[in-house]
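Work through the exercises below with the structure in view. Try each task before reading its solution.

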Amino acid sequence: MQVNDITLGSCALIVEFSASVWTARKLDRKVTDEAIANHGAKAKDSVRANKNLLAGRSELTDIQQLVTKVRNYIYDNTLPWSNGGQQLLPSSKFLEFDKKLCIFKEEFDDIAGQFVRLYPTLITAQAMALGSMFNRADYPPAGDIARRFAFNYDYFPVPTAGDFRVDVGNMAASELKERLEKMATARIDAALGDLKRRLGEHLHRMSERLVTDIDPATGDLKHRKFTSTLVTSAWDLCDLVKGLNVTNDPDLTHACKVLENALAGTSAESLRTDPIKRADVKKEVDSLLGAFTFEPLTE
């Protein structure tokens with residue numbers, strides 16, 4: 001499969017995100033040695049007892065959960081690009097995406113700042129929570145704790161073979177250009193393969209959830225439980241396809257067209273309350289699952 005890197009560069013950009021949060025974990029060598037001795041273990045590395053320095057507190061957990069939420073948002077709205085964690089973002093989603101990450105960063109800075117201000121008090125409280133395992137030396141100095149929290153993101157253009165500028169001779173430059181072209185093709189194949197897999201998984205989820213069961217006690221029809229994301233995630237995936245299907249993969253194009261037509265004017269609530277509409281959407285979903293194999297592309 002050949003990908004025009006100019007086309008890819010014009011419809012997408014690369015987003016890079018990183019976040020760090022203090023782990024509040026510390027190896028307790030005394031407890032570790034006691035556990036090894038009590039169980040008669042011969043290997044000194046057979047067990048490790050790690051203390052949760054903020055056991056019983058939720059402040060750090062709140063920050064960790066926010067970072068997980070951000071990573072999930074990025075995953076849901078982008079495609080994988082490199083092993084280093086870079087993701088491919090459709091240009092059409094940039095403004096919405098950037099606004100959301102800006103909000104996330106403000107929230108992160110706010111709750112991390114609250115934690116830093118509260119930190120000295122938290123240490124004092126943990127003396128009772130940890131009992132004899134408490135060791136003040138396990139905790140970083142108050143003046144050092146702020147640097148252990150970071151939230152960074154940035155955007156880069158999609159690199160193209162034509163970006164290579166080093167003068168290494170015509171033959172070497174030609175070989176490197178060919179290598180870059182192959183790398184770009186392999187990465188977009190992997191990205192579209194991931195998108196196919198995610199679309200296929202969601203179609204299977206829809207098919208399984210949009211079943212109308214019969215209550216064995218009353219004989220009444222009833223729907224299976226599902227959240228609004230059953231519908232909203234389908235629209236989000238179709239948006240990704242529109243933004244990043246630079247190879248014009250016919251299966252992806254057709255699947256999204258059928259899915260969007262089936263969901264037009266439909267909400268999760270209407271699928272719960274209208275068994276006819278539910279059956280119609282399930283029929284279209286099942287037809288897609290029967291017609292196409294939504295698996296990652298292989299060479």
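A residue is called buried when its relative accessible area is under 20%, exposed when over 50%, and partly exposed in between. Keep in mind that this is a predicted model.

**Exercise 1. Classify both partners of the salt bridge between Glu260 and Lys242.**

Solution. 
- Step 1: Find the contact. The closest N and O atoms of Glu260 and Lys242 are 2.9 Å apart. A salt bridge needs a distance within 4 Å, so the pair qualifies.
- Step 2: Glu260 is in helix 7 and Lys242 is in helix 6. They are 18 residues apart, and the pair links distant parts of the chain.
- Step 3: Take Glu260. Its relative accessible area is 15%, so Glu260 is buried.
- Step 4: Take Lys242. Its relative accessibility is 58%, so Lys242 counts as exposed.

**Exercise 2. Describe the salt bridges Lys105–Asp109 and Lys282–Asp286.**

Solution. 
- Step 1: Start with Lys105 and Asp109. Their closest N and O atoms are 3.4 Å apart.
- Step 2: Locate them. Both lie in helix 4, four residues apart, about one turn of the helix.
- Step 3: Lys105 is partly exposed at 28%. Asp109 is partly exposed at 40%.
- Step 4: Turn to Lys282 and Asp286. Their side chains meet at 3.1 Å, N to O. Because they are four residues apart in helix 9, about one helical turn separates them. Asp286 counts as partly exposed, at 31% relative accessibility.
- Step 5: Look for shared partners. Asp194, Arg197, Arg198 and Glu201 are joined into one network by such salt bridges.
- Step 6: Widen the view. The whole structure holds 14 salt bridges.

**Exercise 3. Which residues touch the most other members of the largest nonpolar core?**

Solution. 
- Step 1: Take the core itself. It has 38 residues. Leu88, Leu199, Met206 and Leu259 touch the most other members.
- Step 2: List the elements that give two or more residues. They are strand 1 (12–20), helix 5 (170–209), helix 6 (229–244), helix 7 (250–263), helix 8 (268–273) and helix 9 (275–291).
- Step 3: Helix 6 gives the most, with eight residues.

Terms used
Residues numbered from 1 in each chain as written. Predicted model: local features only at pLDDT ≥ 70, side-chain atom pairs only at ≥ 80, totals over all residues. Heavy atoms only, no water. Core = buried A, V, L, I, M, F, W, Y, C linked by side-chain atoms within 4.5 Å. Buried < 20%, exposed > 50% of the residue type's maximum accessible area, 1.4 Å probe, protein only.
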